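Please look at the chain below with its parts in mind, and then read the notes that follow, which go from the domains to the ligand and on to a pair of helices.

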Amino acid sequence: MTSRIVVIGAGLGGLATSAVLARAGHEVTVLEGQDWVGGKSRRIEVAGQRIDTGPSLVTFPDVLEQILDTYDEVGPATEKARDIAGITLERLPEVGRYYFKDQQANLPVEAGHPWHESWARFEKENGQLGPAITNLLTTDPTDPGILGAVLRLLSRYGTKLTTQAYLDSLSWMPDDVKDVVAIHTLNAGVAPDQTLALYASMAAVMSSDGVFVPRGGVYEIAKGLEALALHAGVTIHTGEPVVSVRKGLVTTERATYNADYVVSALDGGILEGLLGKQAPAPKVLSCSGVAIFGVLDEELPEDIVTHSVMMPDRPAELFDDLGKRVVPSQTMAFLNYYRANTIYPNDKPVAALLLTAPPNGMSASLDDEFVKSESRRFSDMLGLDRGIIERMTDYTILDPEYFSGFGAVGGALYGAPAPWWRSGPFHTPAYNSPLTPWLWRVGSSVHPGGGIPAVLGGVLIATRRMLRKID
Ligand SMILES: Cc1cc2nc3c(=O)[nH]c(=O)nc-3n(C[C@H](O)[C@H](O)[C@H](O)COP(=O)(O)OP(=O)(O)OC[C@H]3O[C@@H](n4cnc5c(N)ncnc54)[C@H](O)[C@@H]3O)c2cc1C
């Protein structure tokens with residue numbers, strides 16, 4: 001039996017879902033409001049140079065591998081997913097270099113550095129949890145096979161179930177190293193006391209198992225998933241926002257589509273609006289960002305690595321300000337720097353400076369005091385003789401106002417996070433409710449705070465369940 005399935009949203013979640021469902025033999029249409037596929041993952045050109053915006057680093061690459069395996073398993077044995085998608089991940093030599101107060105250190109921390117011993121112990125105890133976390137990300141929580149992974153993680157954290165509680169319990173770890181580990185909870189957009197303890201382990205797993213960037217840029221993942229979808233026969237309409245969803249009918253500004261099943265791959269709250277319901281105003285929001293993507297007039301010094309992280313001197317104040325949605329005096333920022341002909345096929349060096357910002361929908365420019373002072377602080381920490389912004393010959397700036405265009409209040413990058421005890425298997429909303437068996441959800445609304453691995457892992461769980469039900 002072939003079902004007609006409409007997937008709303010062509011972000012990574014919607015693309016992967018449509019590819020798997022169509023490969024399993026269903027007639028799938030994807031409806032995307034923007035003019036590009038990839039959603040928050042997007043490719044732009046600045047002065048003729050390629051720069052990918054949105055996500056920059058790939059972690060837990062086995063999740064992506066499982067999407068490719070699933071595509072091969074559910075469909076006819078013709079061309080292999082890996083050949084169609086053509087994604088080649090390159091491992092970075094380090095997770096990144098972290099600049100904190102007067103210290104700087106790569107992760108993993110090199111021998112001889114004052115943080116080396118404590119980092120090595122932390123990585124030894126947590127770095128082996130990668131397979132257990134991957135298992136958790138990709139296995140249906142109702143599957144007894146997940147139990148081993150859960151027990152493995154619980155034996156590490158005991159009763160200390162948040163990142164903050166777990167780090168507080170590590171009496172041997174210097175406070176500065178704890179702060180460096182804890183800052184990674186901003187990958188979920190929230191503070192360490194609002195995230196599961198496994199976010200603490202992420203930094204160690206990334207250090208042990210690596211962080212990756214696809215050759216050509218992270219947008220190659222969106223392109224690869226789109227290629228899989230098209231190969232499986234999916235019809236993708238871009239520039240066609242959905243305006244309402246009812247059982248059996250999805251209406252856009254241009255047409256109405258009949259559907260046996262609808263899959264929402266939208267940010268939290270948007271689907272409720274399309275169903276004619278009022279989404280409750282979120283009490284907590286994840287952070288937003290001001291991102292400046294520029295072409296540099298010359299290469300940066302040799303010692304600047306691909307991914308640099310600037311910490312605030314007092315992280316607790318930053319988390320507090322973000323929670324109150326006010327501009328912090330100091331923030332956490334990334335610099336992603338690609339030399340000419342490295343990762344991207346560019347003939348000039350490019351850099352992306354991402355300043356963590358409050359989710360208040362603000363617009364930003366290079367003249368803002370926050371942007372000026374924090375980019376200057378970062379440039380000084382990197383030891384640059386000329387500021388990073390002054391080195392940009394051309395740039396594009398994306399701000400919380402831009403990010404709110406995806407639907408999340410205030411431009412919250414990861415939507416409205418669920419309380420930590422509701423993360424993972426206990427998330428609400430669920431992928432599907434028995435009250436609306438025709439309606440499914442994947443992506444950011446069911447995995448707020450999750451990056452690419454959580455979104456793609458959710459796709460694996462949801463599509464397996466869905467195919468079981470449909471078949
Ligand atoms: C700045 C930034 C940095 C990040 N860095 C990383 C990173 O380094 N590593 C990592 O793993 N993750 C990172 N993430 C997170 C990652 O980008 C997301 O988890 C992932 O891209 C979300 O995919 P998605 O498909 O769930 O949602 P989205 O990409 O938001 O897709 C939803 C789609 O729905 C569309 N849509 C909305 N309303 C409608 C409508 N009415 N009709 C039709 N379509 C509609 C939107 O246009 C969008 O294309 C980052 C995110 C941001 C924003």
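The C-alpha centres of domain 2 and domain 3 lie 26 Å apart, where the domain bounds come from an automatic or database domain assignment. This is a predicted model, in which local features need pLDDT of at least 70 and side-chain atom pairs count only at pLDDT 80 or more, while totals for chains, interfaces and linings use all residues. Residues are numbered from 1 along each chain as its sequence is written.

**Domains**
- The protein is divided into domain 1 (4-41 + 57-80 + 215-282 + 416-470), domain 2 (110-210) and domain 3 (285-406).
- In domain 2, 9 residues are in contact with 8 residues of domain 3, contact meaning that the C-beta atoms of two residues, placed from the backbone, lie within 7 Å.

**Ligand shell**
- The ligand is surrounded by 35 residues, of which the closest are Gly9, Gly11, Gly39, Gly443 and Gly451; a residue is counted if its C-beta atom, placed from the backbone, lies within 6 Å of the molecule.
- Domain 1 and domain 3 each give at least three residues to this shell.

**Helix pair**
- Helices α1 (12-23) and α10 (residues 219-231) pack at an angle of about 25°, with their axes 8 Å apart; axes are lines fitted to C-alpha atoms, for helices over the stretch in contact, and angles run from 0 to 180 degrees between N-to-C directions.
- That angle makes α1 roughly parallel to α10, a term for angles under 35 degrees.
- Helices here are DSSP runs (H or I, at least four residues), numbered from the N terminus.

Definitions and conventions. Helices (H or I, at least four residues) and strands (E, at least two) are DSSP runs, numbered from the N terminus. Angles under 35 degrees count as roughly parallel, over 145 as roughly antiparallel, 65 to 115 as roughly perpendicular and the rest as oblique.
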